[in-house]
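Visitor: Hello! Could you walk me through this model, a few residues at a time?
Guide: Gladly; let us look at it together.

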Amino acid sequence: MPLIIITREFDAPRDLVFRAYTEPELLTQWLGGCDARITIERYDVRDGGRWRYLSQDAEGRVYGFRGVFHGAPSPDAIVQTFEYEGSPGQVSLDTYTFEDLGGMTMVRSVSSFQSVENRDRIVEQSMELGVRNSARQLADVLAKLQTSAT
């Protein structure tokens, strides 16, 4: 089956992690990891809402990504399509769930691809490094938000 499943625990309450996934001003602080600068053009977090952002790497190259939200995003789950504009037509369906672990949150993402070849192409394009860097950045953003709230 052409899936990628990723789980990660964060030392933050579920509502705060959900905010980091849905508020553009927070998303730009962690998405893409430390080497990317994210510019959000559109982020309409609702059923049928569209999103698009640009990621600029350290060498100045710009990459576009876009998708559509399906169902009403909530702290229970976000479902959206994901398409890298450099590979038009290769769309994944991504589901993010946020499990409350009593002050901690388990984020589980499931990306479903149209084919094994599409899945493997994404993996070959340094997806793992980007996911790891983004998770580290997200943990830092969540820690800062909690510190500023106390």
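Visitor: Is Ala36 buried, partly exposed or exposed?
Guide: Residues are called buried under 20% relative accessible area, exposed over 50% and partly exposed in between, using a 1.4 Å probe and protein chains only. Ala36 has 21% relative accessibility. Ala36 therefore counts as partly exposed.

Visitor: Before we go on, what kind of model is this?
Guide: Residues are numbered from 1 along each chain as its sequence is written, and side-chain values use heavy atoms, with hydrogens and water left out. Local features need pLDDT of at least 70 and side-chain atom pairs count only at pLDDT 80 or more, while totals for chains, interfaces and linings use all residues, since this model is predicted.

Visitor: Where is Ala36, and which residues is it in contact with, leaving aside neighbours within four places in sequence?
Guide: Ala36 sits in the loop between helix 2 and strand 2. Helices (H or I, at least four residues) and strands (E, at least two) are DSSP runs, numbered from the N terminus. Contact means heavy atoms within 4.5 Å. Leaving aside neighbours within four places in sequence, the contacts of Ala36 are Ser55 and Gln56.

Visitor: How is Val62 placed, buried or exposed?
Guide: Val62 belongs to strand 4, residues 62-68. Leaving aside neighbours within four places in sequence, Val62 is in contact with Leu54, Ser55 and Gln56. The relative accessible area of Val62 is 52%, so Val62 is exposed.

Visitor: What distance separates the C-alpha atoms of Val62 and Glu99?
Guide: Along the chain, Val62 and Glu99 are 37 residues apart.

Visitor: Which residues is Gly103 in contact with, beyond its neighbours within four places in sequence?
Guide: Gly103 lies in the loop between strand 6 and strand 7 (105-112). With a relative accessible area of 35%, Gly103 is partly exposed. The C-alpha atoms of Gly103 and Phe10 are 9.0 Å apart, although 93 residues separate the two along the chain. Beyond neighbours within four places, Gly103 is in contact with Asp11, Ala12 and Pro13.

Visitor: What does Tyr21 touch, not counting residues up to four places away in sequence?
Guide: Tyr21 is among the residues with the most contacts inside the largest core. Not counting residues up to four places away, Tyr21 touches Leu27, Trp30, Tyr43, Ile78, Tyr96, Phe98, Val107 and Leu138.

Visitor: Stepping back, what is the radius of gyration of the protein chain?
Guide: The chain has four helices and seven strands, in the order β-α-α-β-β-β-β-β-β-α-α from the N terminus. The radius of gyration is taken over C-alpha atoms, and the globule rule is 2.2 Å times the number of residues to the power 0.38. That rule gives 15 Å for 150 residues, so the protein chain is as compact as a globular protein of that length, with a radius of gyration of 15 Å.

Note on methods
A nonpolar core is a set of buried Ala, Val, Leu, Ile, Met, Phe, Trp, Tyr and Cys residues joined through side-chain atoms within 4.5 Å.
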